[in-house]
Amino acid sequence: MESVRVRFAPSPTGYLHVGGLRTALYNYLFARKANGKFILRIEDTDRNRFVEGAVENLIKALKWCGLDYDEGPDAGGQYGPYMQSQRLDIYQDHVKELISTGDAYYCFCTPERLNELKEEQQRQKLPQAKYDKHCLAISKNEIEHNFGADIPFVIRLNVKPNKRIIFDDIVRGRVEFESNNIDDQILIKSDGFPTYHLANVVDDHLMEISHVIRGEEWLSSTPKHVLLYDSFNWKRPLFAHLPLLLNPDRSKLSKRQGDVAVEDYRDKGFLKEALVNFVALLGWNAGDDKEFYYMNELVESFSLERVNKSGAVFDLEKLNWLNAEHLRKMQDTELLALLKEEILNSKFSNQNYSDSYLLEVITAMKERVSFVKDYLEKSPYFFEAPNNYDEAAVQKNWKAETPAMLLKLHDEFEKLVNPSKDDFENALAKVAEELNAGKGKLIHPLRLAVSGMSTGPGVFDIVLLLGKDEVLKRIKSAVQKIN
RNA sequence: GGCGCGUUCGUCUAGUGGUCCAGGACGCCGCCCUCUCAAGGCGGAGAUCACGGGUUCGACCCCCGUACGCGCUACCA
């Protein structure tokens, strides 16, 4: 079997779109599974769309996701350069071949004539607007003359009429087009740059790409590419057109309706593991009930044959859930690193917490967080004494007799020497009994006093973690502040 | 408009002619556990398998048509 070589070929827009991530991921998984090569190629043939730093951002986002490539602009490789803007002469050389065989031709039509043509065709209510092959008839002499006169020109693909163009798509099966419906696509623009269609075919061939795995938006232009392969007498790669990622209203996923950049999700605190896992499941599944995957498991299970045909809505709820799942399954030491980073970016950055303390916080909160930042937001009391107390909880649990009871508890706690969790619990039970009250009468106010809220880990876990001295302080100040 | 692709619970999906009056997951609701909140366990609501014709003893699964949606229709990718 021939070796698998696939590529992710984005145009550098400035960020990595999650749809792009999904395409890149499927390419990556397919390559790794087949022990093939995964290549990054930058499709920067539109000079009007140049964005400063876009390639760097793209590469950063890709690497953050764990999609490392074997060949690419910054990775090198035998088939470079991997930036299309650096391959201009290659396209020029190849298109000349097409001109000599008559499969492409020079076109000197002005934008004005093209516009008129289009308008005329619309007026006549023609089914589609196509170039009329006007320049196909120009003589060699005339062409030379136009060159001499520096008349701007483009090079067009010469699509022969009445032909059926058929290709097999790995996800969609057999797809057929009629050549009469295909326009004489511009291959080289008047600025000398190639269009996507030419560049992508030439590069895929030269880079020995075995499978073209890309978004469904390319399906309609694939016949042009097929025509190009045939004209060059090149072997066609296998095509796999992936279903689109959709907005909640089922239109193509766009910026207008939410976050589309990988960077957005990263900045919102999503784990790369969760994003990758989630995006992998949008349009693919292994045929079983497994939903939680690590990258290596995805590589193991992935196959193009099991990619769906229809578009998938990007459902944030499920991403949230997967993020929580990944967070919970993460090693504590890994979590520690993430939490420390989070602290550094928070108002607690100048505080100093020991690793062992943070590790205990992690253990206590692990089942209760969906994001790393939740450690700070859902349990700020582990990082500073409460400044205020949850109003609803005060209403519910802070009775007239509460301060006196808590003070008694305070005194009992004070007697403890190097207390364990059980010591705290026993002390509280003792006070409750002496007061002839249910433990709840003390537990809930204690939680409130110590944390300022009514939710969180077991109250004795909190107390133990905070330590006796801190707990005593917090009880005192709560008694002072509440009411 | 033309061409292409698609259509199973709100969402992601399983399903390749009988095992499906359709299974799982997220979300939602309820119960259990319990000092709270989670997590976990159990249960529930939720899909006339877009619609209409065929083929077949039998269709979510095969064929045709219709509707709807999406994509493409640039000297953008």
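Which residues form one aromatic cluster? They are Tyr 265, Phe 270, Phe 278, Phe 314 and Phe 371. Before going on, some housekeeping: this is a predicted model, where local features need pLDDT of at least 70, side-chain atom pairs count only at pLDDT 80 or more, and totals for chains, interfaces and linings use all residues. Residues are numbered from 1 along each chain as its sequence is written, chains are lettered from A and ligands numbered from 1 in the order in which they are written, and side-chain values use heavy atoms, leaving out hydrogens and water.

Let's stay with the rings for a bit. A pair of aromatic rings is described by the distance of the centres and the angle of the planes. Here, rings of Phe, Tyr and Trp (its six-membered ring) pair if their centres lie within 6.5 Å; planes under 30 degrees apart count as stacked, over 60 as edge-to-face and the rest as tilted. Searching the whole structure on those terms turns up 24 aromatic pairs. One of them is Phe 232 with Trp 234, stacked at 4.0 Å centre to centre with 15° between the planes. Both of these residues are buried (under 20% relative accessible area with a 1.4 Å probe, protein chains only; exposed is over 50%, partly exposed in between). Phe 348 and Phe 383 also stack, at 5.5 Å and 25°. Phe 348 sits in the loop between helices H12 (332–344) and H13 (355–365), and Phe 383 in the loop between H14 (374–378) and H15 (391–397), so this pair ties together parts that are 35 residues apart in sequence. Helices here are DSSP runs (H or I, at least four residues), as are strands (E, at least two), numbered from the N terminus. Phe 348 and Phe 383 are buried too.

Sugar and phosphate make up 72% of the RNA strand B atoms that come within 4 Å of the protein. Helix H11 (316–329) is among the elements that each supply at least two residues of this surface, and H11 gives the most, with four.

A polar side-chain atom of Lys 318 lies 3.1 Å from a base nitrogen of RNA strand B, while a backbone N or O atom of Gly 456 is 2.5 Å from a base nitrogen.

Conventions:
Near = heavy atom within 4 Å. Polar contact = N/O pair within 3.5 Å; in protein donor to acceptor, adjacent residues only side chain to side chain.
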